[in-house]
Amino acid sequence: MTTGPGSRVLVLALGRDPLPTVVTEAALRWEADGVSISAVTLTPRARLTATTAQVTLLRRPAGSAGIDPSTAGEPRSTPRKALRKLHLDPVRWAAILLVLSSPQARRLVAGADVVLAADPASVPLGWVLARRRGEGKVFRTVSAASRALNDAARP
Amino acid sequence: MPLKGARPHLLYVAWGFPPCRSGGVYRALATANAFARDGWDVTVLTIERDLWERRTGVDPALEERVDPRIRIERIPFDWPVLEDDLSRWPALRALAPRAWVKARNLLDQRTFPEKVYGPWRRHLERATERIHAEHPVDLVVATTNPHVSITAALHLAQRYGVPYVVDYRDAWSLDVFSGRRRHPEGSTVNTWERRALEGAQEVWFVNEPIVQWHRTTYPAAAAHMHVVANGYDEPAAGSQARRTDTPLRFTYVGTISGKVPIPELVAGWARAREQEPLLVDAEADLYGYLGYYGAAHPELADALSTGAEVGVRYRGPVSKTLVSELYAASDALLLVLGTGRYVTSGKVFEYLATGLPIISVHDPGNAASEVLKGYPLWFPASDLSPDGVAAALRAGAHAAASHEPVAQAAGRAFAERYSREHQLRPRITALRAAVGATSVETM
């Protein structure tokens with residue numbers, strides 16, 4: 001693995017909500033340190049930085065007016081609530097399939113030195129990647145991903 | 001009992017010990033150092049440094065304050081919920097996170113009824129056994145929380161008859177913020193607590209309201225319960241002579257958690273600035289960590305953002321070693337505390353030691369009010385409304401602007417009763433007598 005300046009971080013953000021501030025701020029810091037950043041997001045609304053190489057799985061937010069009902073404050077439907085209780089969030093699992101079936105997304109995943117599963121929806125895919133790549137490559141928190149970059153950059 | 005002339009051996013159990021930077025660590029540091037100064041062989045049993053270094057941050061300057069005669073035994077502490085490398089996550093956690101949390105909670109409490117910390121019991125008991133075999137322990141002081149620390153004391157008491165003290169500080173069964181009982185009579189927690197308190201040589205608490213609650217709840221242990229207030233370590237440096245042409249500077253130092261009424265302080269400050277010329281250019285600087293784990297509560301973040309527009313500024317954390325310089329450069333101190341009849345705070349004692357005006361922004365029924373009652377430069381808010389806070393700030397500003405050395409000296413004289421030395425000395429003397437050793441105090 002090559003990390004430190006010149007290394008590549010992939011941010012997985014497969015949830016429906018906009019990216020958390022802590023992630024966007026970290027991305028700006030990493031970019032300033034010379035780290036190359038890419039992102040796989042569900043919709044174009046989640047934007048990491050102006051220069052991030054980004055693959056978007058859906059062309060626009062879901063819902064009739066192009067607004068994801070869950071982020072527009074509308075309550076989830078009863079079937080969706082039931083599925084979530086069973087940990088079968090349809091969006092979460094569908095997003096995994098979309099990533100695996102997108103050649104562009106697969107290339108980003110393959111080229112990343114460090115992967116950040118930035119939201120809960122990205123955890124199952126992140127976990128699968130972590131099982132294949134081993135320790136110290138796929139993280140759930142920004143601080144852990146930053147530590148991995150710093151540790152490897154240290155002489 | 002130690003052999004005649006031998007130094008008694010204290011085993012001090014504290015989950016949080018330097019370089020940990022949490023609020024409670026100062027008491028642990030002061031207690032271990034006080035026993036070492038009194039001529040005890042002190043072994044501190046605590047967790048590995050890794051957790052502090054990787055998760056919560058450290059204060060290296062605090063570690064330098066540990067008496068070099070103290071032996072520190074660091075043992076593992078697992079905190080699976082904080083594991084952030086997904087390769088170490090079990091499948092259940094990745095695929096069914098809520099089910100994993102439920103399972104984890106059950107597993108954590110299998111041997112001791114405390115989420116997250118329960119599994120530490122295994123490491124504690126193994127370590128106490130080894131330490132006692134290497135150098136027999138004459139007294140255990142187990143400091144909470146986490147409450148699992150008491151298992152180390154109970155283990156040596158049960159197996160070898162070693163007396164123990166529980167430094168409870170706050171409470172386990174009592175919610176100090178709401179005043180409600182958290183664990184009912186007959187619960188597993190209640191059973192452990194009763195056993196720990198009734199078998200103890202002494203039990204220490206930080207303030208009188210908490211002691212009273214426990215005396216009522218566990219009358220069989222009432223005679224062994226004592227107040228050991230947090231106190232202050234050393235008097236702060238004298239404040240610099242105030243220049244009348246500079247704006248007043250107010251300071252807050254402490255962890256800024258979601259319970260601290262910063263939004264109320266900001267609202268009161270804004271109101272006071274409209275009413276009081278002395279406050280128009282004044283500044284309130286807030287120092288401390290945001291939350292216990294380094295993240296600000298959203299409501300708090302909003303308040304800090306609003307505050308920056310009216311002169312209330314968050315300045316970030318500050319090392320304990322630099323706090324006295326901050327006090328010396330301040331004209332008045334802001335005591336902003338969460339609500340609760342049972343809530344005191346370490347900083348109230350530090351504040352007292354400065355002799356500076358103290359503006360209280362907390363519920364008047366807070367236990368800190370009992371500590372401050374009689375302090376000549378105390379300006380408490382009558383309530384947490386903008387007007388209540390503003391009135392206290394205005395009164396404090398006038399006292400700060402006049403900067404009377406006589407009043408400051410009177411304040412410091414009042415504070416002497418709350419030095420750590422004053423709080424710990426009677427207890428250490430009593431415990432030395434209890435374990436049958438003679439005093440060999442050293443510096």
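Colleague: In which sense do strand 1 and strand 2 of chain A pair, and over how many bridges?

Modeller: Strand 1 (residues 8–13) and strand 2 of chain A pair in the parallel sense, over six bridges. Bear in mind that this is a predicted model.

Colleague: Which residue of strand 2 stands opposite A:Val9?

Modeller: A:Ile37 in strand 2 of chain A stands opposite A:Val9.

Colleague: And strand 3 of chain A, what does that pair with?

Modeller: Strand 3 (residues 53–56) of chain A pairs with strand 2 of chain A, in the parallel sense again, over four bridges. There, A:Gln54 in strand 3 stands opposite A:Ala39.

Colleague: Is strand 2 of chain A buried or exposed?

Modeller: Five of the six residues of strand 2 (residues 36–41) are buried, so the strand is largely enclosed by the rest of the structure.

Colleague: Switching to chain B. How many helices and strands are there?

Modeller: Chain B has 17 helices and 13 strands. Its C-alpha atoms fill a box of roughly 65 × 60 × 40 Å along the principal axes.

Colleague: How many residues are in the largest nonpolar core, and which have the most contacts inside it?

Modeller: The largest nonpolar core has 123 residues. Those with the most contacts inside it include B:Tyr12, B:Val140, B:Leu334, B:Leu335 and B:Ile358. The core draws at least three residues from each of domain 1 (9–230 + 420–435) and domain 2 (249–418) of chain B.

Colleague: What is B:Leu335 in contact with, leaving aside its neighbours within four places in sequence?

Modeller: B:Leu335 is in contact with B:Val348, B:Tyr351, B:Ile358, B:Ile359, B:Ser360, B:Val361, B:His362 and B:Ala368. There is also a second, separate core of 44 residues, which includes A:Ile37, A:Leu42, A:Val123 and A:Leu149.

Colleague: Why would nonpolar side chains be buried together?

Modeller: In soluble globular proteins they tend to be.

Colleague: Where is B:Leu337, and is the residue buried or exposed?

Modeller: B:Leu337 is in the loop between strand 11 (332–336) and helix 13 (346–354) of chain B. B:Leu337 is buried, with 22 other C-beta atoms within 10 Å.

Colleague: And which residues is B:Leu337 in contact with, leaving aside neighbours within four places in sequence?

Modeller: B:Val260, B:Val343, B:Ser345, B:His362, B:Asn366 and B:Ala368. B:His362 and B:Ala368 are also among the contacts of B:Leu335.

Colleague: How far apart are B:Leu337 and B:Trp15?

Modeller: B:Leu337 and B:Trp15 are 24 Å apart in space, C-alpha to C-alpha, and 322 residues apart in sequence.

Colleague: Now the contact between the chains. How many residues does each chain give?

Modeller: Chain B gives eleven residues and chain A gives 17 residues. On the chain B side, helix 4 (91–95) and helix 5 (97–108) each supply at least two residues. Helix 5 gives the most, with three residues.

Colleague: How do the residues on that side of chain B divide into nonpolar, polar and charged?

Modeller: Seven are nonpolar, one is polar and three are charged.

Colleague: Which residues have a positive phi although they are not glycine?

Modeller: B:Val116 has a phi of about 70°, and B:Arg169 has a phi of about 60°. Most residues other than glycine have a negative phi.

Colleague: Where do B:Val116 and B:Arg169 lie?

Modeller: B:Val116 is in the loop between helix 5 and helix 6 (120–134) of chain B, whereas B:Arg169 lies in strand 5 (residues 164–169) of chain B. B:Val116 is partly exposed, with 18 other C-beta atoms within 10 Å. B:Arg169 has 21 C-beta neighbours inside 10 Å, so B:Arg169 counts as buried.

Methods:
Residues numbered from 1 in each chain as written. Chains lettered and ligands numbered in written order. Predicted model: local features only at pLDDT ≥ 70, side-chain atom pairs only at ≥ 80, totals over all residues. Core = buried A, V, L, I, M, F, W, Y, C linked by C-beta atoms within 7 Å. Buried ≥ 20, exposed ≤ 12 C-beta atoms within 10 Å, placed from the backbone. Domains from an automatic or database assignment. Contact = placed C-beta atoms within 7 Å. Nonpolar A, V, L, I, M, F, W, Y, C, P; charged D, E, K, R; others polar. Pairing = 2+ DSSP bridges.
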